[in-house]
Amino acid sequence: MSKLVKLSDDSAINIWNALALNNTDELTISHDPALFQFFADHLKLSPLYFIIHRDNDPIGLLPLIRVGKKFISMPHFSYGGILWKAGEQDLVNDEDVLHEVLKLEKSERIQSGFYKFVMGEEKSTAKKLWPNIEVRSRQPMFGSSDTHKVVHILPLKLKNNLLFDSLPSNLKRKINKSFKNGLKVRQGHTELLADFSFVYNRNMHQIGSPTLGQGFFHALMSTSEIKTQVFVAYLNKQAVGGSFVMWYDGYYENIWFSTLREYNKLYTSYLLHWEMIRHASELNAKVYSMGRS
């Protein structure tokens with residue numbers, strides 16, 4: 001029979017990181033355990049982080065956020081679902097695990113925290129909990145999928161000079177042209193949030209999309225252990241583009257990105273992407289993700 005055991009945060013995070021950083025190639029920003037504190041303290045949501053065990057062997061990680069009566073893995077971020085230990089993904093059915101986790105959560109009324117979930121041998125047949133959960137997995141789940149979002153990931157196999165030389169000539173031309181057009185990029189932390197937010201909010205309003213607010217980004221940057229950086233492109237002293245990036249081990253993602261349309265002819269987006277790729281390379285990241293859009 002499946003069961004849940006509450007874990008202390010410190011011991012759970014050690015187990016979580018040991019599995020995530022050493023045993024899988026499917027790592028994403030959404031599986032960074034440091035986000036637990038952000039969701040709990042700043043968004044006042046109920047994070048439930050499950051370390052999936054077969055007997056005493058940790059084989060998978062599942063972050064879930066309880067939002068009212070619904071569960072999301074993960075809100076505000078590009079990915080979610082179960083992060084399996086290498087070799088385990090084809091041996092266990094994700095839907096069966098999610099069903100058992102939600103069934104136990106409902107029966108035991110557990111609170112926010114880290115939990116050891118030990119899988120039972122029984123096979124569940126009832127699948128009545130799916131309307132209560134949204135999983136941002138790379139694979140279709142629950143018999144359906146939403147495909148209007150896309151993700152582009154660039155492997156980083158070369159260092160800066162060689163990486164730039166490997167780009168198509170048209171991309172290199174546009175990046176070089178952006179410098180000649182007078183654009184400059186600054187990178188930093190909370191001191192750049194106001195300029196980033198100016199560009200982000202204006203662009204979101206133009207396309208009719210709600211914004212997250214500067215407080216949201218400030219909270220992310222202020223949460224211990226979450227690795228973040230802000231990039232802002234300027235023409236003279238005018239902010240004309242901005243991006244907010246995060247990384248977890250070798251996975252580096254440009255999560256929020258905006259440019260002002262009237263300055264796009266200066267190749268603002270090309271320069272910003274190059275500066276982020278260059279920064280990711282300096283951090284020895286394995287991939288650069290443009291996020292979900």
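In the predicted model, F231 has S243 of strand β11 as its bridge partner. A second bridge assigned to β11 joins V230 to F244. Strand β10 (residues 227-235) and strand β11 (residues 238-248) are paired in the antiparallel sense, with nine bridges between them. Two residues separate the strands in the hairpin of β10 and β11, where N236 adopts a positive phi near 60 degrees.

Strand β11 is also antiparallel to β12, to which it is joined by eight bridges. Among the pairs formed here, V245 has N254 of β12 as its bridge partner. These two strands likewise form a hairpin with two residues between them, and D249 in the turn shows a positive phi of about 55 degrees. In general, strands of a sheet pair through backbone hydrogen bonds, either parallel or antiparallel.

An open sheet of six strands is found, in the order β8-β13-β12-β11-β10-β9, and its pairing is mixed. Strands β8 (151-155) and β9 (183-188) form the edges, each pairing on one side only. On average, and with direction ignored, neighbouring strands of this sheet are turned by 25 degrees against each other.

Strand β11 is mostly covered, as ten of its eleven residues are buried. Within the largest nonpolar core, which comprises 45 residues, F244 belongs with F77, L220 and W256 to the residues that touch the most other members. When neighbours within four places in sequence are left aside, the contacts of F244 are L193, F196, F217, L220, M221, T228, Q229, V230, E253, N254, I255 and W256. Another core, of 22 residues, lies apart from this one and has I59, L64, V92 and I133 among its members.

Helix α8 lies across β8, β9, β10, β11, β12 (251-259) and β13 (287-292), and runs at about 160 degrees to β12. Helix α8 (residues 268-282) also packs with helix α5 (residues 169-180), at an angle of about 100 degrees and with the axes 8 Å apart. The two helices are therefore roughly perpendicular. Helix α5 contributes L171, K174, I175, S178 and F179 to the contact, while α8 contributes Y270, L271, W274 and E275. By residue class, the contact of α5 with α8 consists of six nonpolar residues, one polar residue and two charged residues.

Terms used:
Residues numbered from 1 in each chain as written. Predicted model: local features only at pLDDT ≥ 70, side-chain atom pairs only at ≥ 80, totals over all residues. Heavy atoms only, no water. Axes fitted to C-alpha atoms, helices over the stretch in contact; angles between N-to-C directions. Helix = DSSP H or I, 4+ residues; strand = E, 2+ residues; numbered from the N terminus. Parallel < 35°, antiparallel > 145°, perpendicular 65-115°, else oblique. Contact = heavy atoms within 4.5 Å. Nonpolar A, V, L, I, M, F, W, Y, C, P; charged D, E, K, R; others polar. Core = buried A, V, L, I, M, F, W, Y, C linked by side-chain atoms within 4.5 Å. Buried < 20%, exposed > 50% of the residue type's maximum accessible area, 1.4 Å probe, protein only. Pairing = 2+ DSSP bridges.
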